[in-house]
Amino acid sequence: MSNPFYPIAEYPDFPKMTPAAADAALPKLLADAQARVDALEKTATPTWEGFVRALDDAQRPLFKAWGVVEHLLSVCNSKGWRDVEEKYQGDLVAFSLRVGQSKRFYELAKRTPADTPARKRILEKMAQGAELSGVALEGAKQARFNAIQAELAQLSNDFSNHVLDATKAFSLVLTKPAEVEGLPAQLKAMMAGDGDPEKGPWKATIEDAVYVPFMKHSRNRPVREALLRARCTRASAEPLDNTKLVDRILALKKELAALLGFADYGELSLASKTAPSVRAVYEMIDQLAAASRPGAAKEDAALAAFAAANGFDGKLEPWDKAFWSERQREKLYSYSEEELAQYFDLPAVQKGLFGLANRLFGVTVEPADGEAPVWHPDVRFFRVRDEKGVVIAHFYFDPYSRPATKRGGAWMNDINSRELRPDGAVTKPLALICCNQALPDAKGRALMRFSEVETLFHEFGHALQHMLTTVDDVDAAGINLVEWDAVELASQFMENWCYDAKTVKAFARHVDTGAPIPDALLDRVRAAKNYRAANASLRQLSFAKVDMALHVDPPADPNAFKEKVFAEYTPGSSVPEDRFLNAFTHIFAGGYAAGYYSYKWSEVMSADAFGAFEDAGLDDEAAVRATGRRYRDTILALGGSVDPMEVFRRFRGRAPTVDALIRQTGLKAD
């Protein structure tokens, strides 16, 4: 009987990929992978083809299928997919550890000669990966290590599901027009669902697509408070309480680090990153915090004065700050989010983004809908051509929020990575981009908040690094082998272009009239770029500080510790019952444990990379294109085949500094 998971075609047959199909295929995929690995352990030779490629080929069908399962769990979440994840996750963890702990494979990674620098780096990372997988552990210690890894995988899955379910579970139904006073028409339409946007009823939720604009625009202070309290206490009540999971995850990671001989999990995390030490991470946080604090204090004083001058009586509470910040921003820069969104309809933004990719990197992106099956009718499919017109990659784009079945946030992932096979055939990169903006309105207009435009540019930056790689060895192609604290460089770099006048004017048109965005409005948007930038910087730095500190020395009460850090970095930003950590999926259900600093670490590099374009002259088209090609040929092309700091030096001619980030964000160095 045919099964879409066994094997997976060039493009996964998503409509046929059901939990039942996965359940039927995974046992055979596991058995096949196990048998091939067992045989290879006996027959492998210390050559590239006889070891590295053979090991990749032995594991690929299983891990490709499992990657699709995890993708479908994130975009089509259901009991069926959760059951599959829970049933087989332990087996996948055990198989990964079995490979990682093979002393034979470790020996081969150390012995196999490399005929290129990329292959040398791949082999070095394979050996390091084995060491971090416990290859040197014996007996009871290795058994305990493996048990911890299996439990962590299950806890991570449970944590994520609890956050999704808790987010879905909360809503408030508003029935009176006065209760939705101040809300943009697009938001009211979304909250009304199939009802009348002007008459209601309206459902207020804590999913990003509703919560973020509601807190900025609603004049209903009691409902703002209720939503904030619900949002910051997500997953903190049974049966979805993540409190014990946080404690258990931190304890297990501390034990895991000790088994491998590290002082703490922070050291273990940094062993495979570019940051040289925990101390270096703290120094970066402290340096940027020192540059941010004076500005943040001034921003807070100005906001309080503005609110008081406009009729607010009392202390600004956490549920007031987004509302009054938006009013102040509108006053200072004379535009509203709703007004600005009229110029950012999704199809036009996409066209502009693809045009920028052509201008900077010489690639052409074109629709290929119908060429590959998709997992939801809203998903688009695109192909990417190089300057010679050759198709070099494809990607899926899933733009809209589906809170019942799709996890929040935005992300890029890969299904296929580039690989030059021995017969000369090239496997083309296949990426997927997922966002969570509001559905199109009744007129079919998919208007984007400006932050959503930035998010799309960000995720496309990740996809470009995956798709434009020129590395032939799959293990270092695209984002593979790029250290975690450098992987945000390519994504954050793209956000800068959302403020480049030439770029934005090329695509920002009024959704109804087609009129280009007025120069005066665009100038105000660019002027507002650094509005409350110091507070935004401290917010990210507080997350990074909490994350690293929790993993270096787990406190008895993580949320209480978090509150102390928040009070130091962003005073007045939370309520006493805040349980932010219970929904901090980045570090408890993602890859950012003792690594959240990576956003700022990468932002230093991305700001400095954009600085190269500023130095060349953003108005000098020839210089912009030449710099773009150099960026493509280094940052995007080399992927994980070269150390990220060396890649940066090849592009910029020197190591990165914080100067560009401090300048671009309007902060002042200490």
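This is a predicted model: local features need pLDDT of at least 70, side-chain atom pairs count only at pLDDT 80 or more; totals for chains, interfaces and linings use all residues.
A residue counts as buried when its relative accessible area is under 20%. The buried residues of α13 are Pro318, Trp319, Asp320, Lys321, Phe323, Trp324, Ser325, Glu326, Arg327, Gln328, Arg329 and Tyr333. Their cover includes helices α8 (208–217), α9 (221–232), α12, α14 (337–341) and α19 (519–527).

The length of α13 can be checked by a simple calculation. The helix runs over residues 318–333, and at 1.5 Å a residue its 16 residues should span 22 Å; the C-alpha atoms at its ends are 23 Å apart, which agrees. Just after α13, serine 334 adopts a positive phi of about 60°.

## Helix α4: one buried face

Which residues of helix α4 are buried? In this helix, which covers residues 103–111, they are Phe105, Leu108 and Ala109. Viewed down the axis of α4, these buried residues fall within an arc of 100°, so they line one face of the helix.

## The nonpolar cores

The largest nonpolar core contains 142 residues, and within it Phe344, Phe395, Phe460 and Tyr631 touch the most other members. Helix α12, formed by residues 278–309, contributes the most to this core, with 11 residues. Apart from this core lies another one, of 54 residues, which includes Ala22, Leu29, Ala33 and Val84.

Phenylalanine 344 shows what such packing involves in detail. Residues up to four places away in sequence being left out, Phe344 touches Val349, Ala446, Leu447, Met448, Phe450, Val453, Val504, Phe507, Ala508 and Ile517.

## Pocket and cavities

Rolling a probe the size of a water molecule over the atoms shows where empty space is left. The second largest pocket has a volume of about 530 Å³. It is lined by 24 residues, of which Met190, Met191, Gly193, Glu207 and Leu439 are the closest to its centre. Helices α6 (139–169) and α7 (185–192) and strand β2 (202–205) each supply at least two residues of this lining. The largest share, four residues, comes from α7.

How many cavities of 30 Å³ or more does a search of the whole structure find? The search finds four. The largest cavity holds about 170 Å³ of space. Among the 15 residues that line this cavity, Pro184, Gln186, Leu187, Pro213 and Arg449 are the closest to its centre. The elements that give two or more residues to its lining are α7, α8 and α14.

## Backbone exceptions

Most residues other than glycine have a negative phi, and most peptide bonds are trans. Several places in this chain may be read against that background. The peptide bond from tyrosine 6 to proline 7 is cis, with omega near -10°, and proline 7 belongs to the segment before α1. A cis peptide bond also joins glycine 200 and proline 201, where omega is about 0°; proline 201 is found in the loop between α7 and β2.

Alanine 235 is not a glycine, yet its phi is positive, at about 55°. Alanine 235 is placed in the loop between α9 and α10 (243–259), and it counts as buried because its relative accessibility is 3%. Arginine 532, likewise not a glycine, has a positive phi of about 55°. This arginine 532 sits in the loop between α19 and α20 (533–552). With a relative accessible area of 14%, arginine 532 is buried.

## Aspartate 398 in strand β5

Is aspartate 398 buried or exposed? At 0% relative accessibility, aspartate 398 counts as buried. Its place is in strand β5, which comprises residues 391–400. Neighbours within four places in sequence aside, aspartate 398 is in contact with Val75, Trp375, Val379, Lys406, Ile433, Cys434 and Cys435. Lysine 564 lies 166 residues from aspartate 398 along the chain, and the C-alpha atoms of the two are separated by 38 Å.

How values were computed. Residues are numbered from 1 along each chain as its sequence is written. Side-chain values use heavy atoms; hydrogens and water are left out. A nonpolar core is a set of buried Ala, Val, Leu, Ile, Met, Phe, Trp, Tyr and Cys residues joined through side-chain atoms within 4.5 Å. Buried means under 20% relative accessible area, exposed over 50%, partly exposed in between (1.4 Å probe, protein chains only). Contact means heavy atoms within 4.5 Å. The expected span of a helix is 1.5 Å times one less than its number of residues. The arc is that of the directions from the helix axis to the C-beta atoms. On a 1 Å grid over the protein atoms alone, a cavity is a set of points where a 1.4 Å probe fits but cannot get out, and a pocket is an open set with protein on both sides within 12 Å along at least five of seven lines; lining residues have an atom within 4 Å of a point. Grid points are joined across faces, edges and corners, and a volume is the space filled by probe spheres set on the points.
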